[in-house]
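Student: I've got a structure I'd like to go through with you. Can we check the labels one by one?

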Amino acid sequence: MKAKQIRLYYGIFLSVFTCIMGVLFIVQAVSILADGGWIQGAFTREIVAERLFPISIPFYIWIAAVAAGLVLSYLYPVKKTRTVNKISERATQKRLSSRLPQGVGEEYEKQIKQIATEKRSRTIVYGVCATLCFASAIACAVYLLTPANYTANSINGAMLNVLINAGPWILVAFACCIGMTLYEKFSLLREITVLKALISSNKGNPVIKADTVPPEIFVKIKTVLSSKYAVWGIRGGVAVIAVTFIFLGIFNEGARDVLIKAINICTECIGLG
């Protein structure tokens with residue numbers, strides 16, 4: 001097995017293991033919150049140690065796996081290869097579509113139908129993904145913009161409620177985008193294979209004009225979502241959410257709690273004043 005494959009498989013294993021450990025820690029923290037973790041004194045050293053002890057062995061194994069990964073990188077170094085600008089599947093599909101030749105026969109018609117089927121399936125996937133993302137955004141906005149949902153006694157409780165109610169919708173949106181990207185890649189590869197076969201078997205025939213190729217709906221939407229403006233829009237949305245939580249903490253007296261804790265540290269622990 002090549003060094004690159006070994007590193008790839010181990011990287012996948014370590015990534016999955018890291019996600020599992022993260023979930024275990026989150027579950028333990030949420031269990032403390034569910035038992036009254038927002039009450040002062042609930043996060044004591046004894047309680048935290050009791051909750052984290054069941055996952056201590058997997059945690060030590062994870063530490064060993066991280067160390068083994070560092071050793072593995074020295075035992076199986078990957079040779080640096082020359083960087084080559086990879087042409088995307090979308091660009092290849094457009095280039096081959098512009099060279100699509102005319103032809104006759106049952107095999108030719110069958111291949112043309114395969115290309116149309118791939119285009120139609122991608123259009124459906126784009127539409128479904130856009131609809132689910134839009135619905136997820138509306139569901140999150142409805143919950144986040146409803147003042148009655150922030151009646152908890154502390155910011156921790158409010159954030160936990162936000163995680164429970166808005167988190168699944170965010171995961172659905174991310175899963176849709178990831179699934180759409182993967183499906184588009186494999187669909188384009190299938191279409192490229194058919195286009196290459198058509199071009200090679202119909203050399204010398206006149207090329208079909210570009211305006212006769214059926215356009216794809218929602219392609220412009222995907223282009224806009226993948227542009228730099230969309231990235232900045234997402235960053236702006238994250239910034240707005242961060243500022244919103246800051247103001248929620250201020251109005252919920254979370255900032256006052258932090259200030260009191262800081263004063264206690266300075267006057268009691270460090271000894272100032």
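Student: Which residues do ring pairs link into a cluster?
Tutor: Ring pairs join F25, F59, Y60 and W62. Keep in mind that this is a predicted model.

Student: And how many aromatic pairs does the rule give?
Tutor: The count is five. One of them is Y10 with F13, whose ring centres are 5.7 Å apart.

Student: Why is the pair of Y10 and F13 called tilted?
Tutor: Their centres at 5.7 Å fall within the 6.5 Å limit, so the rings pair. The planes sit at 55°, between the 30 and 60 degree cut-offs, so the pair is tilted. Both residues belong to helix α1 (residues 3-34), three residues apart, or about one turn of the helix.

Student: What makes F59 and Y60 a tilted pair?
Tutor: Run the check again: ring centres 6.0 Å apart pass the 6.5 Å limit, and planes at 55° lie between 30 and 60 degrees, so tilted it is.

Student: Is Y60 buried or exposed, and why?
Tutor: Y60 has 57% relative accessibility, and over 50% means exposed, so that's its label. F59 comes in at 29%, between 20% and 50%, so F59 is partly exposed.

Student: Which nonpolar surface patch includes L189?
Tutor: The one made of I170, F174, I178, L182, F186 and L189, with about 580 Å² of accessible area together.

How values were computed. Residues are numbered from 1 along each chain as its sequence is written. This is a predicted model: local features need pLDDT of at least 70, side-chain atom pairs count only at pLDDT 80 or more; totals for chains, interfaces and linings use all residues. Side-chain values use heavy atoms; hydrogens and water are left out. Patches are made of residues with over 30% relative accessible area and no salt bridge: like charges are joined within 9 Å, nonpolar side chains (Val, Leu, Ile, Met, Phe, Trp, Tyr) within 5 Å. Accessible areas come from the Shrake-Rupley method with a 1.4 Å probe; for residues, only the protein chains shown count as cover. A salt bridge is a side-chain nitrogen of Lys or Arg within 4 Å of a carboxyl oxygen of Asp or Glu. Helices (H or I, at least four residues) and strands (E, at least two) are DSSP runs, numbered from the N terminus. Buried means under 20% relative accessible area, exposed over 50%, partly exposed in between (1.4 Å probe, protein chains only).
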